[in-house]
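Colleague: I have the model open and would like to know what stands behind the labels you use. Could you take me through them?

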Amino acid sequence: MTDILERPRAEAARPATIEKVAIVLSRGSLEGIYPGLIMANGARMEGIEADLFFTFFALDAIRKDHQGSIKVATVGNPGMHLPTLLGALPGFSALATRMLQRQMEKLDIPPIPEFLELIADSGAGLYACRASVDMFGLTKDDFIPQVRDVISVGEFYALAAGGEVIFT
Amino acid sequence: MTTTLIAERSVDVDAEGFLTDPAQWNEEVAEEIARSSGIAELTPRHWQVVTFMRERYLATGAAPSIRALGKESGVPVKELYELFPKGPAKLAARIGGIPKPRGCI
């Protein structure tokens, strides 16, 4: 009896390793999209099953006509360590994006379109959020062919069952 | 680091079973590590990946990224994951007798 009380049930049931992750990408800036992609690719590299769910502005990452032009947010981003007005200058976001992309290329981090191909080829599932797709007036044809389906939140949770959900 | 016997050969391995000295490796060691990692038999395609990983590590001191592996080993990413379902870069490094890849990509 005391043994049962001392060991919470949830902890006892938790496996020692992560076998599956479902990663939600919700932001449309470069720095909003990359962390989720790196975590998804990293999961597959460890043999962990991975699904990605793109919602709101992160849909840009999987839109054929938008995925090549994703930029760093230079306004309202304290991490830039720049005055907000400077970040708002025309072309500034493009410049910051080019600098970051050059740095990532050195570290062998692929551009977003190539990274998504790599992640899909590794066996991860790419899904678009139904509510966001409807809100932006899009259809499945607007997305890269690697996107398996447009699914609801409920369907996403069904896919995620048994794994960890990570929101980015 | 511990010393263990793989394919009747004494080798030094880290906590995850990666050889710490690539010079202690041979093909029999590779085959036995593959078997214990769930790969029953190393096919020529497996060997292509393992050899690429090992040679690149010995030449540069770092294991290639999954991106480089998919582009330069001659085995595309999809097939890499079919050959090594539990992680191509990690498994090919372990089988190839080189340290675990440290990069995030």
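**Sheet and helix in chain A**

Modeller: Strand β3 (residues 125–129) of chain A runs parallel to β4(A), and 4 bridges join them. This is a predicted model, in which local features need pLDDT of at least 70 and side-chain atom pairs count only at pLDDT 80 or more, while totals for chains, interfaces and linings use all residues. Residues are numbered from 1 along each chain as its sequence is written, and chains are lettered from A and ligands numbered from 1 in the order in which they are written.

Colleague: Why is β3(A) called a partner of β4(A)?

Modeller: Two strands pair if DSSP finds at least two bridges between them; β3(A) and β4(A) have 4, so they pair. Across from A:Cys129 stands A:Ile151 of β4(A).

Colleague: What makes β4 and β5 of chain A edge strands?

Modeller: The open sheet has 5 strands in the order β4-β3-β2-β1-β5 (chain A), paired in parallel. β4 (147–151) and β5 (164–167) each have a single partner strand, so one side of each lacks a neighbour in the sheet.

Colleague: Which residues of α3(A) are called buried?

Modeller: Buried means that 20 or more other C-beta atoms, placed from the backbone, lie within 10 Å of a residue's own. Among those in α3(A) are A:Gly32, A:Leu37 and A:Met45.

Note on methods:
Helix = DSSP H or I, 4+ residues; strand = E, 2+ residues; numbered from the N terminus. Buried ≥ 20, exposed ≤ 12 C-beta atoms within 10 Å, placed from the backbone.
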